[in-house]
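The sequence and the structure come first, and the commentary follows.

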Amino acid sequence: LFSEQKMHKLFPAPRLHPQCCAHPLRTGNKITPLVGADATYDRICAAMANAKKNIYVVISFMKREFKPNKKDTWYSILQAARNRGVDVRVLIWSHKHHNETFQTIFPGFEEDHKWLKGMGVSFPIRWDSSGDDHLHCHHEKTWIVDDTAFTGGIILSERWFETPEDRGIQDIFMEVNGPSATDVIHSFAQRWNGALHHDKPLGAYPNLEVANNVSYPTSVSAACGPSTVQVQRTVRAQHYTDGTPPPGGEPFDMVKGETSLIEQIITALQSATSHVYIENSHIAYPGILSELLKCCQRGVKCIFCIPSWGGTAQEAALGDKPLRAQTLPLPAVAIRTGYIDSFVQLMPLLAQQENFCLVGLLQKGCKRFIPVHSKLVMVDDKWLSCGSANVVDLSYERDHTEIALSVWCEQTVKDLRRQLWEKYADSQPPTDGQESFEWLMRIAKENGKVIKAGHTNPLQGYVCAIDPVAGGARMVNAAGVYRQREIAVEERREKGQLPKKSGL
């Protein structure tokens, strides 16, 4: 599974700016990190209220009645913009296999079209289908308002908001203004125009005449900031065929798909000299784990923040149940991806590294962990990647549809790290990057000791060390159970035990 031959095949010779990318490296961008759903939707809603030209939205998961400003539904906000002449378009993931297990998708079934009409919606929608692939997902989450783009991991669900009772779900969006925002618009046009099955019955709303093709951008937005940015993606082969280049870019063979997102992350990890920080809702991609191990072995400090699904905070911190491969469930996703195998083989090796720390974020009351849904990688306070991709090969190897902003700007990366860690530790981190990593590791480990002892002493902030093997294994198990449930539902439908859906 981890031979040098396979790793070289997956990740060819390191290159700083991947040529296997549909969008060019561009200077002059302004990047604004948006931490949490409250900050993100406040900013997006303010932008939509002042939209003059266009609002384009890419949706994977959603709650149908979600209110991004906590008072108006997403569709009423978009309809109001359309009523004042703004070009509003929404591209939504369609997957007929997922609807019973994830009640947070809007697959474009006949009842969905009737509901939209009943709500008075007139703006155009296209559904981008996964076809018959059980495991595929159009996982991108993007909002484009005029010439500003927002992208990251936050979905349309009130569960992401912070409440007095809990801290919500930890997630991050990035706002980009400048030349690279044009590339996000180009990516939207490519996906909208090439959406699978959009020309079939129920593939567009209200009809194809209204949900017509969108024009590609012909010029680049003006430079307005210090960041160098590249829009990077995962796109499966054969799904989109139009390789029309972005302004100033080169033609790209979309038929072959795209893997620039993971190629850049691997390149960044291979070049790390001081420290690496990752926040993600998954943890078992062999390419990432093996590079983290190499980082630790050459003295790089690595912190990985995860949700630690399943079990209490004390159980995750204790690590009192050793990991055994045979005790783990073997869901369909593990058979296809090696998800569990990679964890079983690599995490015990990482656990032996003193400069590796697996952490979680405690809920209020400190009984369980916050769901971490961010898709963030930061290296050496010089570079970051933030988008929609999970640390699992479905998000990286020409399968899911993912997007990320790859950002080279020392000040932006430092400011985001300080913002996150000041929040997690409830105190100002040291200015120096190395010292800051040592500081957060120390706090997380001390909090872990308190949790192990039954929370008899006060904590500093709410970051907590997790046992890398046993605590992480609970998360891997939970991810596998979700996938098992998806497959089981579709098998029941095929056997006639559930009604077949009328959709794409």
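## Packing of α11 and α12

In this predicted model, helix α11 (residues 410–425) and helix α12 (residues 433–452) have axes that come within 11 Å of each other and cross at roughly 25°. Because angles under 35 degrees count as roughly parallel, α11 is roughly parallel to α12. The crossing of α11 and α12 is left-handed.

On the α11 side, the contact is made by R417, W421 and A425, which meet G433, S436, F437, W439, L440 and I443 of α12. Sorted by type, the residues of this contact of α11 with α12 comprise six nonpolar, two polar and one charged.

The side chains of E446 and K449 meet in a salt bridge, with an N to O distance of 3.5 Å.

The two partners fall into separate accessibility classes: E446, with a relative accessibility of 42%, counts as partly exposed, whereas K449, with a relative accessible area of 51%, is exposed, because the exposed class begins over 50%.

Side chains of opposite charge can pair when their charged atoms come close. The count of salt bridges in the model comes to 17, and one of these pairs is R64 with D112, whose closest N and O atoms are 3.8 Å apart. This pair links distant parts of the chain, with R64 in the loop between β2 (54–59) and α3 (74–83) and D112 in helix α4 (residues 110–118), 48 residues apart. R64 is partly exposed, at a relative accessible area of 36%, while D112 is buried, at 6%.

A further salt bridge joins D133 and R236, and here the closest N and O atoms are 3.8 Å apart.

## A salt-bridge network

Which residues are linked in a network of salt bridges? The network is formed by D128, E140 and R191.

Terms used: Residues are numbered from 1 along each chain as its sequence is written. This is a predicted model: local features need pLDDT of at least 70, side-chain atom pairs count only at pLDDT 80 or more; totals for chains, interfaces and linings use all residues. Side-chain values use heavy atoms; hydrogens and water are left out. Axes are lines fitted to C-alpha atoms, for helices over the stretch in contact, and angles run from 0 to 180 degrees between N-to-C directions. Helices (H or I, at least four residues) and strands (E, at least two) are DSSP runs, numbered from the N terminus. Angles under 35 degrees count as roughly parallel, over 145 as roughly antiparallel, 65 to 115 as roughly perpendicular and the rest as oblique. A crossing is left-handed if the near helix is turned anticlockwise from the far one by less than a right angle, and right-handed if clockwise. Contact means heavy atoms within 4.5 Å. Ala, Val, Leu, Ile, Met, Phe, Trp, Tyr, Cys and Pro count as nonpolar, Asp, Glu, Lys and Arg as charged, and the others, Gly among them, as polar. A salt bridge is a side-chain nitrogen of Lys or Arg within 4 Å of a carboxyl oxygen of Asp or Glu. Buried means under 20% relative accessible area, exposed over 50%, partly exposed in between (1.4 Å probe, protein chains only).
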